[in-house]
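Please consult the sequence and the structure while reading.

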Amino acid sequence: MNAIITATELANELSRSTPPVLLDVRYQLGGPPGRPEYAAGHVPGAVYVDLDSELASPPGPAGRHPLPDLDVFAAAMRAAGVRGDRPVVVYDGGQGWAAARAWWLLRWTGHPDVRVLDGGLASWQASGGALSVEQPTPPAGDFTPLPGALPLLTADDAAALARRGVLLDARAGERYRGEVEPLDRVAGHIPGAVSAPTTENVAEGDTVFRDAADLAKRFASLGATPDVEVGVYCGSGVSAAHQVLALAVAGIPAALYVGSWSEWSSDPSRPVATGPQPG
């Protein structure tokens with residue numbers, strides 16, 4: 001199953017008698033909630049899902065975007081009409097990070113058919129897709145989360161994977177190198193991790209993924225191939241989900257360290273590396 005869907009493909013599927021469940025997960029780090037933007041115009045039939053309150057627990061020792069309480073997550077998905085036997089398509093404002101977080105959570109909790117709209121709302125509009133201000137109230141879904149369908153890393157797991165496989169750091173290069181740290185307690189990276197900014201999953205100035213072959217070539221240059229154990233982290237487990245999605249497009253399975261640097265760096269006993277890539 002492909003992990004992404006184009007705007008044209010989505011339009012075709014929405015015209016069917018049984019369209020996919022459509023989730024709008026617009027979100028901006030440090031910005032206002034996306035609900036007002038959703039209310040001002042969204043893909044027809046989409047239901048808004050809030051990343052901070054429904055796709056994550058409150059910030060704390062486990063990071064800035066810890067895993068959500070499964071009861072809260074299940075309630076949000078059922079209210080949005082998510083069913084175990086019906087495809088789900090997720091989109092955001094275009095960056096893809098928030099949509100990837102929803103994609104990863106649904107896949108991790110066992111939903112078999114979830115895709116991200118490649119390029120998000122911008123691609124929908126560019127393809128001629130209409131917007132709606134009608135806020136649907138779908139029939140309640142029956143989705144029951146069963147976590148464990150995708151690999152999940154703890155802090156200790158991430159440290160061990162960096163030694164035996166490839167651990168990708170999805171943050172900006174300057175944060176990886178420890179030159180700046182605008183959000184977390186200390187600057188740097190998990191020892192042994194490889195810098196792989198999420199922003200390089202798309203063409204410069206674009207929000208659409210590079211093609212699968214190009215992504216596979218990019219990740220291979222970093223040591224990440226289908227026959228190697230791969231893990232990903234970022235600042236708080238959001239942009240890293242986009243990296244896991246990009247790896248899936250490239251045909252490379254990967255585990256997600258949800259706590260990411262915000263959890264790792266909160267514990268002074270954990271080692272911190274700085275500087276360029278490991279040799």
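Q: Across which strands does helix α5 lie?
A: The model is a predicted one. In it, helix α5 spans residues 97-108 and runs at about 175° to β5, which covers residues 114-117. The strands that α5 lies across are β2, β4 (88-91) and β5.

Q: What is the order of the strands in the open sheet?
A: The sheet is open, has five strands and shows parallel pairing. Its edge strands, each pairing on one side only, are β1 (4-5) and β3 (47-48). The order is β1-β5-β4-β2-β3.

Q: Which residue in β3 is the bridge partner of Leu 23?
A: Strand β2 comprises residues 21-24 and runs parallel to β3, to which two bridges join it. In β3, the partner of Leu 23 is Val 47.

Q: Are helices α9 and α10 roughly parallel or roughly perpendicular to each other?
A: Helix α9 (residues 212-221) packs against helix α10 (residues 239-249) with the axes 8 Å apart and at an angle of about 115°. Angles of 65 to 115 degrees count as roughly perpendicular. The two helices, α9 and α10, are therefore roughly perpendicular.

Q: What is the handedness of the crossing of α9 and α10, and which residues make the contact?
A: The crossing of α9 and α10 is left-handed. From α9, the contact involves Ala 212, Leu 215, Arg 218 and Phe 219. From α10, the contributing residues are Gln 243, Ala 246, Leu 247 and Val 249.

Q: How do the residues of the contact of α9 with α10 divide into nonpolar, polar and charged?
A: Arg counts as charged and Leu as nonpolar. For the contact of α9 with α10, the division is six nonpolar, one polar and one charged.

Conventions:
Residues numbered from 1 in each chain as written. Predicted model: local features only at pLDDT ≥ 70, side-chain atom pairs only at ≥ 80, totals over all residues. Heavy atoms only, no water. Pairing = 2+ DSSP bridges. Helix = DSSP H or I, 4+ residues; strand = E, 2+ residues; numbered from the N terminus. Contact = heavy atoms within 4.5 Å. Axes fitted to C-alpha atoms, helices over the stretch in contact; angles between N-to-C directions. Parallel < 35°, antiparallel > 145°, perpendicular 65-115°, else oblique. Left-handed = near helix turned anticlockwise from the far one by under 90°.
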